[in-house]
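Student: Please show me the model, and then we can go through it by question and answer.

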Amino acid sequence: MVIPYIIIFIFGLAIGSFLNVCIYRIPLNQSIVKPRSHCPKCNALVAWYDNIPLLSYLILRGKCRHCKTPISFRYFIVELLTGILFVIVIWKFDGVNFVSFTYLVVVGSLIALTFIDLDHFIIPDVITYPVMILGVVVSIILVFIPNPTFLISGEMSGPFSAATGKCYPVYNSLFGFAVGGGILWLIGITAKWLIKKEAMGGGDVKLLAALGTFIGYKLVLLTLILASFVGSIIGAFVLIQAKRKEKETTPFGHYIPFGPYLALGAFIALIWGNDIINWYFNHLLGFTELPPGVR
């Protein structure tokens, strides 16, 4: 049925509008609850009819109703992106259920972290720590309630349920935390020793560790591979463009944020990770049956 997906899309648009507030205010250490949304230029409060996701931006032609100051197109993009990604998550995990709902929380967090990191080169602990804790808590809940329907009806699916053993969700979550955070930490200190300067931010380490509590150790490794692959391509392009303009640094300064690539890699791993792993072992390595520990 199409109607549930339309509802989820609208819900995603509303969450995207809230994420825009988080993206703007969290780096400034401002409350995300109050004051009400207002124009940063003229301080005029945004009326409810000017705060309808997507539509208000189009009706106002991307400008404040009062002072006509341009509104960044990113607000429109964040709302639309959130709606689309929410629909993909619900489609992949068989509707709205306990686990897919928690994945929506992760996806929303990744969207906020991506744009904050792009703007300010930081990944706030106020977002990564709750995601980290939530991942472990959900894994513990799934030990005692393998098919939880107390929140929203539906079948459990996804990385949390992708193996045997009653305590597997907790094992997968904690090991994912250790592998995700540990690998980036080791890469960071090794690179610092080799090039004599910071190469990996602490926020990136905590982000991958937090993601590991949700997607587990296998998919967190895939996340890192995908993020490194995409990041190296885009990073090389940025460096080439900077060199052509005869600049000593990239347009981002001396640091290209890695958080957005981790977010992209994590989303791909969450949605298609198991399919990618199966394809790799079956078609490239020739396994007819996946090796132990990879299932």
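Tutor: A salt bridge here is a side-chain nitrogen of Lys or Arg within 4 Å of a carboxyl oxygen of Asp or Glu. This is a predicted model, in which local features need pLDDT of at least 70 and side-chain atom pairs count only at pLDDT 80 or more, while totals for chains, interfaces and linings use all residues. Residues are numbered from 1 along each chain as its sequence is written, and side-chain values use heavy atoms, with hydrogens and water left out.

Student: How many salt bridges does the count come to by this rule?

Tutor: Side chains of opposite charge can pair when their charged atoms come close. One of the pairs is Arg 74 with Asp 119, where the closest N and O atoms are 2.2 Å apart. By the rule above, the count comes to four.

Student: Which residue forms a salt bridge with Asp 50?

Tutor: Asp 50 is in the loop between helix 1 (3-25) and helix 2, and its partner is in the loop between helix 2 and helix 3 (74-92), 15 residues apart. Helices are DSSP runs (H or I, at least four residues), as are strands (E, at least two), numbered from the N terminus. The closest N and O atoms of the pair are 2.7 Å apart, and the partner is Arg 65.

Student: Is Asp 50 buried or exposed?

Tutor: Buried means under 20% relative accessible area, exposed over 50%, and partly exposed in between (1.4 Å probe, protein chains only). The relative accessible area of Asp 50 is 12%.

Student: How many residues apart are Asp 125 and Lys 206?

Tutor: These two form a salt bridge with the closest N and O atoms 2.8 Å apart. Asp 125 is partly exposed at 29% relative accessibility, and Lys 206 is partly exposed at 24%. Asp 125 lies in helix 5 (residues 125-144) and Lys 206 in helix 7 (residues 202-244), so the pair links distant parts of the chain, with a separation in residues of 81.

Student: Which side chain of opposite charge is nearest to Arg 25?

Tutor: Lys and Arg count as positive and Asp and Glu as negative, with His and the chain ends not counted. Arg 25 is in helix 1. Arg 25 is buried yet has no salt bridge, and the nearest side chain of opposite charge, 13 Å away, is Glu 79.

Student: Which residue has its backbone oxygen 2.8 Å from a polar atom of the Arg 25 side chain?

Tutor: The residue is in the loop between helix 1 and helix 2. A cis peptide bond joins Lys 34 to this residue, with omega about 0°. Most peptide bonds are trans. The backbone oxygen belongs to Pro 35.

Student: What is the phi of Arg 61?

Tutor: Most residues other than glycine have a negative phi. Arg 61 is in the loop between helix 2 and helix 3, and is exposed, with a relative accessible area of 73%. Although Arg 61 is not a glycine, its phi is positive, at about 55°.

Student: Where is Phe 121?

Tutor: Phe 121 also has a positive phi, near 60°, in a residue other than glycine. Phe 121 is partly exposed, with a relative accessible area of 34%. Its place is in the loop between helix 4 and helix 5.

Student: How many helices does the protein have?

Tutor: From the N terminus on, the elements run α-α-α-α-α-α-α-α. The protein has zero strands, and its helices number eight.

Conventions
A polar contact is a pair of N or O atoms within 3.5 Å; within protein, one must be able to donate a hydrogen and the other to accept it, and residues adjacent in sequence count only if both atoms are side-chain atoms.
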